[in-house]
Amino acid sequence: MDQIIKNSARVVTGFDIGRSYEGRLIRGVKLSFKPGRKAIFIESNIHAREWITSAACTYLIMELLYSRDPDVRELAESLDWWIIPVLNVDGFVYSHEKERLWRKSRRPASPDCIGIDLNRNFNYKWALRRNADPYSNVYSGPHPESEPEVQQLIEFINNNIPEGSIKIYVALHSAAQAFGFMRGKRFKTANFFPDRRSLFPKKRPTYRVLDWTFYPTLCEIYSWMDFIIKERPNVVTGFDVGRSYEGRLIRGLRLSFKPDKKAIFIESNIHAREWITSAACTYLIMELLFSINPDVRELAESLDWWIVPVLNVDGFVYSHEKERLWRKSRKPVSSNCVGVDLNRNFNYKWEIRRCADPSSNTYSGPSAESEPEVENLANFISNYIPKDSIKIYVALHSPLQAVHLPWSHTKVPPKNYEDLLYVANAFAEALHSRYGTKYHCGSSANLLSRMLNNYFLSVSSVKVSLNLDLFSGGSKDWAYGEKNIPIAYTIELPGKGRPSPYDLPQSSILRTSAEFLDGFIGMIRAVKKLDRRNLFPKNRPTYRLLDWTFYPTLCEIYSWMDFIIKECPRVVTGFDIGRSYEGRLIRGLKLSFKPGKKAIFIESNIHAREWITSAACTYLIMELLFSIDPDVRELAESLDWWIVPVLNVDGFVYSHEKERLWRKTRRPATDGDCVGVDLNRNFNFKWGHPCSILYSGPYPHSEPEVAQLTKFINNNIPEGSIKIYVALHSPAQAVLTPWTHTRVPPKSYGELMYVANAFADALYRRYHTRYDCGNSGMFSGGSKDWAFSVKHVPIAYTIELPGKGKPSPPFELPESAILRTSAEMLDGFIGMIKAVKELGYI
């Protein structure tokens with residue numbers, strides 16, 4: 001519910017009706033897509049054991065918010081939805097944790113009986129057929145509304161939902177598979193719905209199939225988009241930019257025929273009345289997908305196409321239903337003015353030539369990106385399309401029949417004006433060849449001042465003062481100036497001419513759209529003739545998605561970490577401990593599910609060749625975040641997790657690219673012929689020959705990787721909060737306790753062995769893999785001993801994962817064993833944390 005409230009803040013509001021007998025919050029969500037709607041109220045899981053009710057309830061919420069099915073959209077937008085997924089929260093928790101078939105609440109009803117049937121406690125005819133037996137599963141309680149859950153639900157409805165607005169009330173139950181309702185003359189439908197038209201004003205229209213002989217509505221465009229997604233799933237992906245002011249989804253399509261292509265982004269109908277733009281846009285999509293013309297096929301497969309047919313969805317609907325020539329959005333901007341010109345609201349030079357008059361058709365809004373449509377589009381492009389992949393941006397408009405180059409706020413041309421004009425002319429010339437239609441090309445500032453005076457004339461030939469010749473905050477200039485997209489245009493399609501330029505006849509849609517397609521063929525050919533190296537630099541590498549069937553590279557691990565940070569921002573925080581000798585970032589993740597927890601610190605791949613350690617480490621992170629296993633959830637939420645998947649980043653990269661069995665760092669040693677230090681011999685505790693693979697370095701903390709790790713822990717993690725330190729290694733298949741420099745055991749050796757054995761025993765159960773437990777071999781300067789002695793971390797281990805075995809090099813554990821080894825390690829951590837809890841450290 002928290003995630004839904006966050007992701008759909010304009011539509012979803014959370015509410016609390018109060019607390020249960022045991023003090024738990026009883027929570028709900030309100031979904032409101034349009035103002036002034038009647039309401040439906042749904043309560044669920046009033047009987048604890050009826051789990052399917054809350055499951056179905058949450059599914060309903062999800063579909064109401066995100067489904068694109070026209071029937072579901074009509075359903076969602078017909079009402080305000082007040083939904084409580086779990087009313088009997090105490091009983092629900094008890095049925096999950098103790099007694100699966102528990103039905104009632106959890107308030108003691110007598111010295112030896114617990115619970116009231118909340119669905120027998122409401123104050124209507126309560127005494128007529130009440131059950132007075134506290135032992136009964138249907139005990140009605142001592143008096144009506146005796147239970148806090150019922151009392152607070154009634155108070156909430158009475159005090160927070162307008163009287164008379166609820167027209168439907170649904171109580172979800174199971175397992176009778178029935179629809180129960182009140183019988184008798186008193187409850188005729190006419191009494192509940194005196195005016196059906198006010199509750200459901202319209203029947204659902206039958207959507208026409210797009211054939212480009214008419215201007216489609218928003219629902220018809222979206223229905224057609226769903227059809228396209230279904231027809232070509234291997235090529236077409238739907239995406240949502242966000243929601244408009246009135247709560248409508250702003251949807252788009254991505255067409256990707258071949259991998260690793262640069263992108264073009266097209267937005268259309270930012271001005272509501274310019275219907276020809278979305279019509280031509282959908283025609284373009286259809287041709288890109290289904291045309292067999294070789295020129296169109298080359299066009300389609302040259303780029304990834306990101307297309308938003310209707311950006312100003314609220315204004316577009318209003319122009320279809322109320323006012324044909326409406327231009328702006330539909331957000332109220334003053335007591336008597338509605339709407340902002342979205343093409344004056346982008347955050348680039350917005351303030352230079354902004355229009356501050358709310359009554360103007362070109363009002364720029366109170367601030368840059370003040371409008372949700374613009375803000376959501378900018379955020380979507382910034383966050384969901386790979387940086388620098390968009391090479392062409394097109395904003396579709398009408399009716400000036402022109403290709404506009406940057407800028408709109410000044411007549412000073414941009415730096416690559418000649419290139420831009422070359423491509424624009426190629427568009428216009430290719431378009432001209434079909435029907436002889438002429439398009440003008442030039443910067444917006446120069447074209448508009450000349451063309452508008454010639455185009456918008458009244459019958460008496462008096463110039464219309466629109467103040468459109470110079471403006472700021474347009475999407476094209478934002479794409480070019482802010483996002484550094486090298487080819488950015490506003491393309492103005494034709495209009496009808498004076499005096500109704502926006503009413504291009506429906507008979508002209510196919511002609512205009514076909515010309516528009518020709519223009520794009522010419523445009524892309526011209527772009528390809530430009531300096532490809534500047535416009536289309538080398539493709540980025542394609543990183544594999546981690547699935548624990550292969551050993552990932554450092555870049556693949558870091559790319560996955562970025563994904564995890566983005567997916568779980570409330571739980572996961574990325575951190576950098578510093579840079580390696582060769583300048584690579586050493587990165588980590590902190591997972592914190594609940595405040596005030598003690599910490600565990602895990603460092604991995606301090607020895608470059610031990611690839612299984614970082615693979616198992618990322619698997620552990622994935623399970624801690626997404627597993628629904630109760631043991632894993634308890635493990636995850638018991639501690640704050642500080643995890644560095646690869647500490648020896650230079651050596652790790654070298655072992656992938658050059659020498660598989662490389663162990664040390666890559667800093668040249670004092671002997672000019674030798675490279676690298678064993679980082680696990682370089683820590684400053686009881687701190688050899690430089691060419692040895694165990695070389696400890698010239699002095700403790702001489703290596704930047706170790707110096708920065710210790711500094712990070714000292715400066716960024718509260719002193720005394722780390723209770724467990726784990727250094728992941730391979731291939732000895734063991735849990736190693738301090739010390740490494742002496743065989744004399746530490747004072748807490750008994751506790752350390754107890755926890756180590758708990759790890760080994762828990763790990764053993766899955767595949768019967770045996771881990772040895774005990775202290776390490778003889779060396780000094782290891783991270784585990786440093787953590788245990790210098791940082792006083794009470795539980796510190798080196799955990800050695802398995803290897804391949806003899807006679808092959810033991811570090812080359814087959815990729816097929818990654819998942820098995822990682823799952824066992826997770827089991828081991830569950831056992832370890834339970835043992836640490838028993839000792840009272842966490």
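Lysine 834 counts as partly exposed, at 36% relative accessibility (buried is under 20% relative accessible area, exposed over 50%, partly exposed in between, with a 1.4 Å probe and protein chains only). Its side chain meets that of aspartate 631 in a salt bridge of 3.7 Å, N to O (a side-chain nitrogen of Lys or Arg within 4 Å of a carboxyl oxygen of Asp or Glu). The model is predicted: local features need pLDDT of at least 70, side-chain atom pairs count only at pLDDT 80 or more, and totals for chains, interfaces and linings use all residues. Residues are numbered from 1 along each chain as its sequence is written, and side-chain values use heavy atoms, leaving out hydrogens and water.

**Confidence**
- The average pLDDT of the chain is 88, and 90% of the residues score at least 70 (pLDDT is the predictor's confidence in each residue, from 0 to 100).
- Over residues 182–204 pLDDT stays under 50, and the model has 22 contacts beyond four places in sequence for them (contact means heavy atoms within 4.5 Å).
- Residues 533–540 also stay under 50 in pLDDT, with 16 contacts beyond four places in sequence.

**Salt bridges**
- There are 40 salt bridges in the structure.
- Aspartate 631, the partner of lysine 834, is partly exposed at 35% relative accessibility.
- Arginine 254 and aspartate 304 pair at 2.6 Å, N to O.
- That pair links distant parts of the chain, 50 residues apart: arginine 254 is in strand 9 (residues 249–255) and aspartate 304 in strand 11 (residues 304–308) (helices, H or I of at least four residues, and strands, E of at least two, are DSSP runs numbered from the N terminus).
- Arginine 254 is partly exposed at 28% relative accessibility, whereas aspartate 304 is buried at 5%.
- Arginine 633 and glutamate 637 form a salt bridge of 3.4 Å, N to O; they are about one helical turn apart because four residues separate them in helix 20 (residues 630–637).

**Nonpolar cores**
- The largest nonpolar core has 96 residues (a set of buried Ala, Val, Leu, Ile, Met, Phe, Trp, Tyr and Cys residues joined through side-chain atoms within 4.5 Å); among those touching the most other members are Trp305, Tyr489 and Met523.
- Helix 9 (residues 275–290) gives the most to this core, with eleven residues.
- A second, separate core of 89 residues includes Tyr558, Trp642, Val644 and Val706.
- Leaving aside residues up to four places away in sequence, tyrosine 489 touches residues including Tyr393, His404, Asp419 and Lys476.
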